[in-house]
Amino acid sequence: MVSPKPPFLQLCNESLMLEKLPACGKSFEEMMKKVDSKKWCNLTEFIMYYDNFTQCTEREANNASCFWPNPLAEGFITGIHKQFFSNCTSEKVHWEDPPHEILITLILIPVMLTCAMITLVVWCSKRSDILCGT
């Protein structure tokens with residue numbers, strides 16, 4: 001009698017995984033019908049559905065003895081993202097430098113504190129017997 005291979009020695013059955021993943025997508029699609037499409041870009045509106053979808057893809061990959069994530073599962077997940085979230089653009093924050101007065105102050109304060117600390121250390125090391133308590 002041949003004993004089954006331990007799970008970590010089994011080869012990934014990619015065809016089985018690709019056969020099972022669409023059920024996860026279909027389930028996610030059904031759940032997303034409950035969410036107004038105008039709110040599809042707001043993760044808080046469907047986070048539980050997305051979590052279920054993620055767990056489903058992970059479970060199906062593991063059932064097929066595949067690691068998760070893997071390139072095939074990621075490709076499937078990317079397809080779902082394109083289907084539901086292609087209109088969600090991230091607003092890029094335009095960073096600006098602060099006014100020169102603030103910038104100069106933010107630079108000079110640490111420089112001046114560093115100089116003051118170095119001066120204090122040197123001074124104390126020369127006067128350690130009288131002022132710095134050693």
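How accessible is cysteine 115, buried or partly exposed? I looked it up: cysteine 115 is partly exposed, at 42% relative accessibility. My cut-offs were under 20% relative accessible area for buried, over 50% for exposed and partly exposed in between (1.4 Å probe, protein chains only).

A note on what I am reading. This is a predicted model, where local features need pLDDT of at least 70, side-chain atom pairs count only at pLDDT 80 or more, and totals for chains, interfaces and linings use all residues. Residues are numbered from 1 along each chain as its sequence is written, and side-chain values use heavy atoms, with hydrogens and water left out.

Next I went through the disulfides, taking a pair of cysteine sulfur atoms within 2.5 Å as one. I found three.

Cysteine 12 pairs with cysteine 66, sulfur to sulfur 1.8 Å. I read 85° about this S-S bond, a right-handed link. Cysteine 12 sits before helix H1 (14-32) and cysteine 66 between helix H2 (47-63) and helix H3 (71-85), so the bond ties parts 54 residues apart in sequence. Helices here are DSSP runs (H or I, at least four residues), numbered from the N terminus. Cysteine 12 is partly exposed at 36%, while cysteine 66 is buried at 4%.

Cysteine 24 joins cysteine 56 at 2.0 Å. The torsion is about -75°, so this disulfide is left-handed. Because cysteine 24 lies in H1 and cysteine 56 in H2, the pair ties parts 32 residues apart in sequence.

Cysteine 41 bonds cysteine 88, with the sulfur atoms 1.8 Å apart. Its torsion of about -90° makes it left-handed.

Methods:
Helix = DSSP H or I, 4+ residues; strand = E, 2+ residues; numbered from the N terminus.
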